[in-house]
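Here is a friendly walk through some charged pairs and a sheet. Have the model open beside you as you read.

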Amino acid sequence: HKEVLRSEYDQWARITEIFNVYSTGILTFRDKMVVGFDNNDLKARLDEIADPAISDDVIREKYCLGRRSDKYEPGDTRGWTLSGGRKMLSMEDNPASHVQPCLYRPFDIRSMYYADYMIDWPRTDVMRHMLNGQNLGLVSARSNKSSQMDHFFCSRYITELKCGESTTGSYLFPLYVYVGEGEMQFDSGERCPNLKVEFIKTIVEKLGLIFVEDGKGDLERTFGAEDIFDYSYAIFHSPTYRTRYEEFLNTDFPRLPLTSGKALFKALVSKGAQLVALHLMDAPVLDVES
């Protein structure tokens with residue numbers, strides 16, 4: 001039985017074979033300094049850390065969780081020192097320009113001071129595509145050591161390492177990549193799907209629909225990048241999918257089954273879209289008066 005399931009599962013593409021650009025989430029190594037519950041909370045911390053009237057010892061005791069090595073002061077590493085980070089922060093003309101909303105945990109969006117001199121692993125090559133808020137990202141993992149295969153989420157924002165899978169760490173797969181001027185911001189840049197051409201061709205052949213690069217299709221004649229996202233989200237949240245392939249989801253990136261039935265594809269896209277809207281917390285059903 002296991003061999004049958006394995007051959008069935010292995011015929012589909014891993015998500016790493018579907019998306020071109022992806023990486024693990026951000027690891028700051030100093031969340032207490034650079035992550036706040038909101039902008040005001042974070043600003044108060046940054047003002048304190050940047051204040052030259054406050055000694056390194058006071059800041060270290062308040063914000064540094066301890067030594068990672070006897071070679072360094074608490075909070076310091078081979079590539080980062082508290083005094084150096086504080087100096088860089090104090091020289092910023094506009095610290096607020098580095099503050100970004102970040103998916104810190106499921107349904108837990110916090111403010112992050114997203115500057116590479118304060119963060120050890122900023123994952124800029126991937127996260128930069130999420131910085132203008134006009135994107136969507138799939139959050140998943142290479143493996144899962146928890147009791148349920150629940151390592152699937154979504155985000156419009158940059159993501160922290162443990163935002164979706166706490167036992168092994170989460171990866172972010174942006175739906176779009178931005179091509180335009182500037183290394184960090186893409187306010188006027190063009191975007192294109194972060195999907196492999198071979199994968200799109202496979203869906204075109206299975207469904208007989210025309211692919212549109214941005215947004216959604218009508219699902220009668222066309223399908224879009226966001227339809228693929230919604231379809232995937234529905235599959236990954238299917239209890240049957242999770243239990244049937246649990247053993248394989250424990251140890252590798254998830255694979256995505258594809259259907260050749262237009263009606264089933266359309267139905268799953270609709271279900272996935274509803275779930276994505278709920279997980280992004282922008283579904284109309286959530287707009288209830290308190």
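Lys 216 and Asp 230 form a salt bridge, with their closest N and O atoms 2.6 Å apart. Keep in mind that this model is predicted. The pair joins distant parts of the chain, 14 residues apart: Lys 216 lies in the loop between β12 (210-212) and β13 (222-224), while Asp 230 belongs to helix α8 (residues 225-236).

Are the two partners buried or exposed? Lys 216 is partly exposed, at 47% relative accessible area, whereas Asp 230 is buried, at 3%.

## Other salt bridges

The whole structure holds 20 salt bridges. One of them pairs Arg 30 with Asp 120, where the closest N and O atoms are 2.8 Å apart. These two residues are 90 residues apart, with Arg 30 in the loop between β2 (23-24) and α2 (31-34) and Asp 120 in the loop between β5 (108-113) and α6 (124-127). Arg 30 is buried at 6% relative accessible area, and Asp 120 is partly exposed at 27%.

Asp 47 is partly exposed, at 42%, and so is Lys 43, at 48%.

## The open sheet

Four strands make up an open sheet with mixed pairing, in the order β3-β5-β4-β8. At its edges are β3 (35-36) and β8 (158-159), each pairing on one side only.

Strand β4 (residues 99-105) pairs with β8 in the parallel sense, over two bridges. Cys 102 has Ile 158 of β8 as its bridge partner.

Terms used
Residues numbered from 1 in each chain as written. Predicted model: local features only at pLDDT ≥ 70, side-chain atom pairs only at ≥ 80, totals over all residues. Heavy atoms only, no water. Pairing = 2+ DSSP bridges. Salt bridge = Lys/Arg side-chain N within 4 Å of Asp/Glu carboxyl O. Buried < 20%, exposed > 50% of the residue type's maximum accessible area, 1.4 Å probe, protein only.
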